Amino acid sequence: MNALGFAAQSATAPLERFVFERRAPEPDEIAIDILYCGVCHTDLHLARNHGGYTTFPIVPGHEIVGRVREVGTDVSRFKSGDMVGVGCMVDSCQHCKPCLKGWEQDCVEGATFTYNSIDWRDGSITFGGYSGSITVRDKFVLQLPEGLDPAGAAPLLCAGITTWSPLHRWKVGASSKVAVIGLGGLGHMALKLAKALGADVTLFTRSAGKEEDAFSLGADHVVLSGDPEQMKAVTGRFDIIIDTVPYDHDVNPYMTTLALEGVLVLVGYMGPLATPVRAGSVVQGRRAISGSFIGGVPETQQMLDFCGQHGIVSDVEIIPIQQINEAYERMLKSDVKYRFVIDLASLKS
Ligand code: NAP
Ligand code: ZN
Ligand code: ZN
């Protein structure tokens, strides 16, 4: 059936109205009417082909909340009318080692990502959540806990799980000292989640003026990363640093703020770091640099359930889809508190 969305036709073209095909659900699939979709910095990277691997036209969007319209004949977990979430993946092989462990994001055969990915079922390129509907394999559909605001819950499907996964892997709890670099979509979720896990939480930011927001989002301390005195004052402090910066940056100043056996987890930037990391900063203090890529389906459900229990959602600015290009410009200037979410009802206007 015909679906309506917004797509970029090239790396320099604005996103515009785009009509395309969505298939009816196969026996193990679910068709969802999309209500809200968050705007992740990855959408901007891909729409502008920053990594050089975008297939155009691209319909971004992988922070999806919607209502089940139709289920395939083999689906028993969901029924028409259920409120559900879809994140960065819509399918994977289900039999490789990572898939069997619930780490579908690292599927050996390549997970089918929600957009800009080859759909193994028909060879088409997947289109994401900046659209009115989506068809997804049932195992990749998440249950939305009752009581969570659906627009605020949408960013949990990427920003939430991407920051939850490393906090969970490194067993962050009441005795942990956590730092987060960058107060944007991922950063503000990291503050909320680390605080709810009981940690002592610090924000590193380049931007003076974000302090009050940071404290209300869960930070106990704020460090201006451009101020050498403030940086020096936190030498040797953190067990884990979640680095959400989307562009190249020097990680060396942060390494010295790690405690013994502390770990810096890269989640933001994927390209080469232009400033080499001083080996001594990991050799001494048994420190580590690691990375983390979204999270698997079971872990995403666990994060959603945790958010349901603790009443955690994203702080959002809801926009009509017609404002998406302006939202990208504002995101580049860090002018968003702290996630844009598209109200897909606007597609009809
Ligand atoms: P965002 O909302 O734009 O936030 C990024 C924050 O980083 C900004 O608010 C700013 O915080 C800081 N920042 C921005 N540009 C910077 C620069 N040039 N140098 C230093 N700091 C800078 O972006 P987001 O949606 O949170 O995404 C962050 C990154 O994570 C993106 O690259 C995205 O593609 C990636 N991502 C990765 C995964 C994964 O699975 N690993 C998942 C989702 C997103 P301050 O003003 O406070 O400094
Ligand atoms: Zn994302
Ligand atoms: Zn697999």
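Trainee: What places Tyr 338 in a loop, and between which elements?
Mentor: Tyr 338 lies between helix H11 (324–332) and strand S17 (339–343). Helices (H or I, at least four residues) and strands (E, at least two) are DSSP runs, numbered from the N terminus. Residues are numbered from 1 along each chain as its sequence is written, while chains are lettered from A and ligands numbered from 1 in the order in which they are written. The model is predicted, local features need pLDDT of at least 70, side-chain atom pairs count only at pLDDT 80 or more, and totals for chains, interfaces and linings use all residues; side-chain values use heavy atoms, leaving out hydrogens and water.

Trainee: What kind of peptide bond joins Lys 337 and Tyr 338?
Mentor: A cis bond, with omega about -15 degrees. Another cis bond joins Phe 56 and Pro 57, with omega about -5 degrees. Pro 57 sits in the loop between H1 and S4.

Trainee: Why is Ser 334 called partly exposed?
Mentor: Its relative accessible area is 30%. Buried means under 20%, exposed over 50%, and partly exposed in between (1.4 Å probe, protein chains only). Ser 334 therefore falls in the middle class. Ser 334 is in the loop between H11 and S17. Its phi is near 55 degrees, a positive value in a residue other than glycine.

Trainee: Why does Asn 49 count as partly exposed?
Mentor: Its relative accessibility is 25%, so Asn 49 is in that middle class too. Asn 49 also has a positive phi, about 55 degrees, although not a glycine. It is found in the loop between H1 and S4.

Trainee: What makes Cys 40, His 62 and Cys 158 donors of the zinc ion?
Mentor: Their atoms SG, NE2 and SG, in that order, lie 2.0 to 2.2 Å from the zinc ion, ligand 2. Donors are N, O and S atoms within 2.8 Å of the metal (3.2 Å for Na, K and Ca), so these three qualify. Water is not among the atoms, so sites may look incomplete. Along the chain the spacing is C-x21-H-x95-C. Cys 40 lies in the loop between strand S3 (29–38) and H1, and His 62 in the loop between H1 and strand S4 (64–71), 22 residues apart. Both Cys 40 and His 62 are buried.

Trainee: How do you know that Ser 207 makes a polar contact with ligand 1?
Mentor: An N or O atom in the Ser 207 side chain is 2.5 Å from an oxygen atom of ligand 1. The contact needs a pair of N or O atoms within 3.5 Å, so the pair passes. A polar backbone atom of Ser 292 is 3.0 Å from a nitrogen of ligand 1. Alone, ligand 1 exposes 920 Å², and the protein buries 90% of that (Shrake-Rupley method, 1.4 Å probe).

Trainee: Which element gives the most residues to the shell around ligand 1?
Mentor: H1, with three. Helix H1 (41–47) and helix H5 (185–196) are the elements giving two or more.

Trainee: Why does the radius of gyration of the chain agree with a compact globule?
Mentor: With 349 residues, such a globule would have a radius near 20 Å, and the chain has 20 Å. The rule is 2.2 Å times the number of residues to the power 0.38, taken over C-alpha atoms. The C-alpha trace spans about 60 × 40 × 35 Å along its principal axes. Buried residues make up 55% of the chain. It has 11 helices and 17 strands.

Terms used: A polar contact is a pair of N or O atoms within 3.5 Å; within protein, one must be able to donate a hydrogen and the other to accept it, and residues adjacent in sequence count only if both atoms are side-chain atoms.
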